[in-house]
Structure formats: C-alpha cells, structure tokens
Amino acid sequence: MIKYNLEQNVRKIAVLRANALGDFIFALPALQALREAYPAAEIVLLARDWHKAFLEGRPGPVDRVIPIPHGGLGDETDVAEKPDMQVFFEALQAESFDIAVQLHGGGANSNPFIRRLKARLSIGSRAPDAPPLDRNILYVYYQLETIRHLEIVALAGAKNPDLEPHITVTKNDLDEAYKVLPDTNRPLVALHPGASDSRRHWPTEKFAEVGQALLAEGAEVVITGTKPENYLAEAIKQKLPEAQNLCGQLSLNGLTGLLSRCGLVISNDSGPLHLAGAVGTPTVGIYWCGNMINSSPLTRTRFQPAISWRLNCPVCGLDCTKNRCDHAESFVADVTVEEVLSYAHNLL
C-alpha cells in the first residue's frame with residue numbers, strides 16, 4: 001500500500017461529492033478518515049442543496065456544506081461561460097483550501113472543477129482521458145465505491161485501513177530466486193498462464209503477445225508455473241523465445257522471492273497472482289466476473305483486474321452462474337490484449 005506523509009498546516013479541506021444519497025453514504029468512511037487525519041481542519045463538502053439541509057446541525061465528519069449551482073459540474077468550457085459560476089469559483093478560491101479532494105467519478109468534469117479551486121494539494125481518481133490532479137489513482141469503474149474513496153484520501157495521508165493481505169519476503173526466498181534468475185538491469189515482468197481451473201486460462205497466444213510488447217519496451221520477461229503447467233509456458237515460449245521459462249524450477253519460497261522482485265505480474269486468477277499482490281508487487285489479474293466477486297483485490301493502486309463478462313459456456317451455452325457443465329474451455333478468452341497492456345502500462 002502506498003503511504004503519504006500527512007500534509008503540514010492543513011486548516012481547510014474541500015471534498016467534492018455532489019450526487020445522490022447512496023453516493024454520500026459510500027463516501028462517509030473516507031470523510032471520517034480525513035477527520036481523523038486532520039482533526040483541527042474544517043471539512044467542507046461541495047455538494048447539493050439537499051446535503052446542506054440534511055447535514056446542518058448533524059454530528060459527523062462534515063463541518064460545512066457549500067451547494068454547487070445547478071449545472072456547475074459541466075465541462076470546463078461551459079462552466080467558464082457562466083457568470084454565476086465565475087463568481088462561485090472566485091468565492092471558493094477565496095476560501096484558500098489546503099487540500100481539495102475529488103470523490104466524484106473519473107474526473108472528466110470533476111477534475112477541472114477541483115483544479116479551479118487552486119488548493120495547495122489536489123487529489124482524486126482519474127480515468128485515462130481525464131486531466132490530472134496533483135495526486136491520482138486510476139479510476140476503474142468496477143470497484144467498491146467505499147474502497148475507492150478510502151484509496152483517494154490516503155493520497156493525502158488520511159488513514160487507509162489495511163485491506164489487503166501481506167506476506168513477508170525472507171532472505172531464503174530471495175536467495176533461491178537469485179540462484180535461478182540472477183539480477184538484470186531491466187524491469188522484470190512475470191507471466192503466469194496457469195490456474196487450477198482451465199476455464200480461468202487466458203489463451204497462451206495472448207500472453208505471448210503481451211510479453212512481446214513489454215519486451216520491446218525494455219522489460220525482462222519470465223514465465224512461471226508448476227511442472228504440470230509447463231505445456232502452457234512452452235506454448236508461450238514458442239511465440240516468445242526471448243522469455244525465460246522458469247516452470248518447475250522454483251519452490252514456493254523461491255517463487256515468493258521472484259515475485260517480490262518483479263515490477264509487474266500478469267496472471268490468470270490463481271494462487272501466484274494473489275501471492276504477488278501479498279508481497280507488494282503490482283498485478284494485472286485476468287478474471288471471470290464470478291471470481292471477481294469472490295477473490296479480486298479490493299484496491300486498485302497496485303492491482304488492475306481485466307474482467308471477462310461471459311456467463312454462458314462457450315461450448316454448450318449453459319448459464320454457469322447457476323450450474324456447471326463438463327466443458328473446460330476458457331471463460332476469459334475474450335479479454336483483449338489491448339486491455340491487459342493498458343493496465344500493464346498504467347502500473348509500470
């Protein structure tokens with residue numbers, strides 16, 4: 001988990017969350033985290049008229065609500081052309097906010113809004129097409145909203161509960177990993193094409209295509225797996241001869257050491273994917289949507305899931321959310337190379 005030091009001399013914090021009741025409820029843990037991190041600061045919610053009426057006089061982390069005029073979260077050009085919005089932003093700038101927090105989506109409209117506050121520090125989520133703030137987390141739509149908001153306020157040092165599992169890497173782990181794979185001067189990327197259920201296998205040719213792109217960008221690519229999974233690794237290596245096949249060469253301890261050295265692990269939903277996350281390595285996990293519910297990481301700062309939404313068996317058409325057939329064909333084959341590479345680049 002990335003941690004930031006608490007900002008100094010914080011007197012006033014603006015938080016943008018201007019939508020419906022449920023949206024406000026989802027943001028409450030993040031607002032409380034800000035309150036605990038900055039007990040002397042005034043927390044000002046930039047929201048709707050109903051927030052002001054509902055929260056006025058009510059104990060909680062919000063000290064004051066400033067309603068946003070109707071239409072005030074339009075795109076930057078539209079906002080700039082409205083005289084009342086010019087006056088509104090001048091008033092907000094006069095507040096001299098120390099921190100401005102965007103809890104309002106991917107940032108296409110909300111990040112320009114936050115930037116116009118001219119706070120000392122701006123933080124929030126950012127979709128690839130949105131303008132940046134001072135500190136950002138990648139906006140991934142399919143994530144628990146409450147967790148997303150906690151990740152955002154952690155960018156300003158507000159307490160972020162330790163939501164993810166952690167494994168300590170030992171000297172013995174690293175010693176074994178270095179014996180099998182000496183250090184290189186290039187970023188290390190591991191591809192893990194195995195999983196206990198073949199329906200969770202992403203096609204090896206797609207792994208190879210991703211590996212080829214990362215090799216061309218200067219990465220050192222290795223393939224991991226157990227001895228029974230060597231056929232998958234060899235299928236990748238046939239199309240990616242520059243990669244090193246380490247299948248069956250590492251104990252679990254050695255694999256732990258290797259994964260901790262990686263700049264990125266790209267894997268099917270499998271034990272090594274979760275082990276990589278637990279030792280602190282960024283991961284791109286390829287998930288069937290049902291497994292996303294049960295086993296995906298909660299946060300997105302270091303973990304990016306590429307999700308297949310296939311519900312029906314590609315052979316017999318059975319809805320496998322209700323029953324299971326006997327076919328073993330992949331349910332994640334429709335995840336694209338472009339999506340996985342996009343997430344890989346975000347994390348690298």
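Helix H8 has 13 residues, which at 1.5 Å a residue should span 18 Å, and its end C-alpha atoms do sit 18 Å apart, so expectation and model agree. The model in question is a predicted one.

Much of the interest in H8 lies in what surrounds it. Thr204, Lys206, Phe207, Ala208, Val210, Gly211, Leu214 and Leu215 of H8 are buried.

The pairing with H13 can be described in some detail. The axes of H8 (residues 204–216) and H13 (residues 337–347) come within 10 Å and cross at roughly 40°. That angle makes H8 oblique to H13, and the crossing is right-handed. On the H8 side, the contact is made by Lys206, Glu209, Val210, Ala213 and Leu214, which meet Val337, Val340, Leu341 and His345 of H13. Sorted by type, the residues of this contact come out as six nonpolar, one polar and two charged. Lys206, Val210 and Leu214 turn up among the buried residues of H8 and also in the contact with H13.

Zooming out, the protein chain carries 13 helices and 12 strands, and its C-alpha trace spans about 65 × 50 × 35 Å along the principal axes. Of the 348 residues in the chain, 52% are buried. As for contacts between residues at least 6 apart in sequence, 59% join residues at least 24 apart.

Methods. Residues are numbered from 1 along each chain as its sequence is written. This is a predicted model: local features need pLDDT of at least 70, side-chain atom pairs count only at pLDDT 80 or more; totals for chains, interfaces and linings use all residues. Side-chain values use heavy atoms; hydrogens and water are left out. Axes are lines fitted to C-alpha atoms, for helices over the stretch in contact, and angles run from 0 to 180 degrees between N-to-C directions. Helices (H or I, at least four residues) and strands (E, at least two) are DSSP runs, numbered from the N terminus. Angles under 35 degrees count as roughly parallel, over 145 as roughly antiparallel, 65 to 115 as roughly perpendicular and the rest as oblique. A crossing is left-handed if the near helix is turned anticlockwise from the far one by less than a right angle, and right-handed if clockwise. Contact means heavy atoms within 4.5 Å. Ala, Val, Leu, Ile, Met, Phe, Trp, Tyr, Cys and Pro count as nonpolar, Asp, Glu, Lys and Arg as charged, and the others, Gly among them, as polar. The expected span of a helix is 1.5 Å times one less than its number of residues. Buried means under 20% relative accessible area, exposed over 50%, partly exposed in between (1.4 Å probe, protein chains only).
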